[in-house]
Amino acid sequence: MANITSQIKRNRQNRRREDGNKAVRSRLKTEAKKVHSAAATGDADAATTQLRSTARLLDKAASKGVIHRKTAARRKSKLARAVTRQA
């Protein structure tokens, strides 16, 4: 446990950021699952729409520093391949 006041505050900030980032990462996984399920049903329009919104969330998470930008690009590419493969 930290004794220094500034480190105690830093620990509090890190915990808050960690909780927020965890929520964002969890949402990204959920949205990716939605894209995969929409692609599996064969509905190209729904899959494309879901892909677009998920790609936007990935870009937003990358710009905020929640995930790395290359991780976002890789995930978008993987989802796009899944949609085009099923369509």
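Let me start with Arg75, which counts as partly exposed at 32% relative accessibility; buried means under 20% relative accessible area, exposed over 50%, and partly exposed in between, with a 1.4 Å probe and protein chains only as cover. Arg75 is found in helix α3.

Some housekeeping. This is a predicted model, in which local features need pLDDT of at least 70 and side-chain atom pairs count only at pLDDT 80 or more, while totals for chains, interfaces and linings use all residues. Residues are numbered from 1 along each chain as its sequence is written, and side-chain values use heavy atoms, with hydrogens and water left out.

Now the overall form. The protein has 3 helices and 0 strands; these are DSSP runs numbered from the N terminus, helices being H or I of at least four residues and strands E of at least two. The C-alpha trace spans about 60 × 20 × 15 Å along its principal axes. Of the 87 residues, 28% count as buried.

Next, how many salt bridges does the count come to? There are 3, where a salt bridge is a side-chain nitrogen of Lys or Arg within 4 Å of a carboxyl oxygen of Asp or Glu. Arg27, Glu31 and Lys34 are linked in a network. Glu31 pairs with Arg27 at 3.7 Å between the closest N and O atoms, and with Lys34 at 3.4 Å, N to O. Glu31 is buried, at 8% relative accessible area, whereas Arg27 is partly exposed at 47%.

Lys76 and Asp59 also meet in a salt bridge, at 2.7 Å, N to O. This pair links distant parts of the chain, with Lys76 in helix α3 and Asp59 in helix α2, 17 residues apart.

Back to Arg75. Arg75 belongs to a patch of positive charge on the surface, with Lys22, Arg25 and Arg74 among the other members. Patches are made of residues with over 30% relative accessible area and no salt bridge, like charges being joined within 9 Å and nonpolar side chains (Val, Leu, Ile, Met, Phe, Trp, Tyr) within 5 Å. Helices α1 and α3 each supply at least two residues of the patch, and the largest share, 5 residues, comes from α3.

Key. Accessible areas come from the Shrake-Rupley method with a 1.4 Å probe; for residues, only the protein chains shown count as cover. Lys and Arg count as positive and Asp and Glu as negative; His and the chain ends are not counted. The place of a charge is taken as NZ of Lys, CZ of Arg, CG of Asp or CD of Glu.
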